[in-house]
Amino acid sequence: MNGRQPIDVRALSAPELLRLVLDTPDVGKNLFRCDQCGFEVVMLGGSDEGSCRCLECDGTCAPLELQWWARAAARMRSVCRRDKTLIPRLLAEWRARHGDVPLPPLPDPFSWLNVAWKQTRARGRPIDAVSHYTLAHMVDRLQAAGISLGQILRLLRTPDLAGPKIVYDQLPDRTRRFLGKDFRDQLGGLPFVSSRAEMSRRLRWARTQWTDPLARLRGERVRIRRKKT
Ligand SMILES: [Zn+2]
């Protein structure tokens, strides 16, 4: 069992479904949904009985019907035909998360995607997911040590590698004890941040990805800026 997914697969748009299919090994077999309350769970390797008792109610969880997935796959395929940028974006997201690991071949009714995937080049600026996560972890630790966001920003804006360590060495003793000895060395791996606005955007992105599975399915990017009116 791979934990609860607080999303309703039947309410997802075609691009969201595509991300779910790419994210969940053999989703047609492994995604179990309750016929009564809609509770969903991913059972890697399926289930011997083909169904299981719902953890939330008296209902039964089972994979969605093959026909449902076939219709969903047709929807995904037609959206990919209409929007030629979609698969390139999905490929860029895959690379951001998995690096050079190739996509495992998808079974029917998604096998058309294997072919399309191979013919695709990633599009757009790669998403620097790892550095956003690293940044968010570091900022959390620094804030827990009582360092203000303004001070953290000063640390992150120091362009040369020794800079953060110099700032660190000026912190009070008790703060440095709290952060631990190894933290000073990890500071060398801190991502450079140019402004408070950039830091906020990156932190917001990482925290949303941690807490909101739907944000991942939507493929949200970091630099979403509202148009000025
Ligand atoms: Zn249920």
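Strand β3 (residues 52-53) pairs with β4 in the antiparallel sense, over 2 bridges. This is a predicted model, in which local features need pLDDT of at least 70 and side-chain atom pairs count only at pLDDT 80 or more, while totals for chains, interfaces and linings use all residues. Residues are numbered from 1 along each chain as its sequence is written. Strands (E, at least two residues) and helices (H or I, at least four) are DSSP runs numbered from the N terminus, and two strands pair if DSSP finds at least two bridges between them.

A hairpin through 6 residues joins β3 to β4.

Strand β4 (residues 60-63) also pairs with strand β1 (residues 31-34), in the antiparallel sense and over 3 bridges. Here P63 of β4 is the bridge partner of F32. The open sheet consists of 4 strands in the order β2-β1-β4-β3, with antiparallel pairing. Because β2 (40-42) and β3 stand at the edges with a single partner strand each, one side of each is left without a neighbour in the sheet.

The helix α1 spans residues 14-23, and its buried residues are L17, L18, R19, L20, V21 and L22. A residue is buried if 20 or more other C-beta atoms, placed from the backbone, lie within 10 Å of its own. What covers these residues of α1 includes the helices α2 (27-30), α3 (66-82), α4 (86-98) and α12 (213-218).

Methods: A residue is buried if 20 or more other C-beta atoms lie within 10 Å of its own, exposed if 12 or fewer, and partly exposed in between; C-beta atoms are placed from the backbone. Two residues are in contact if their C-beta atoms, placed from the backbone, lie within 7 Å.
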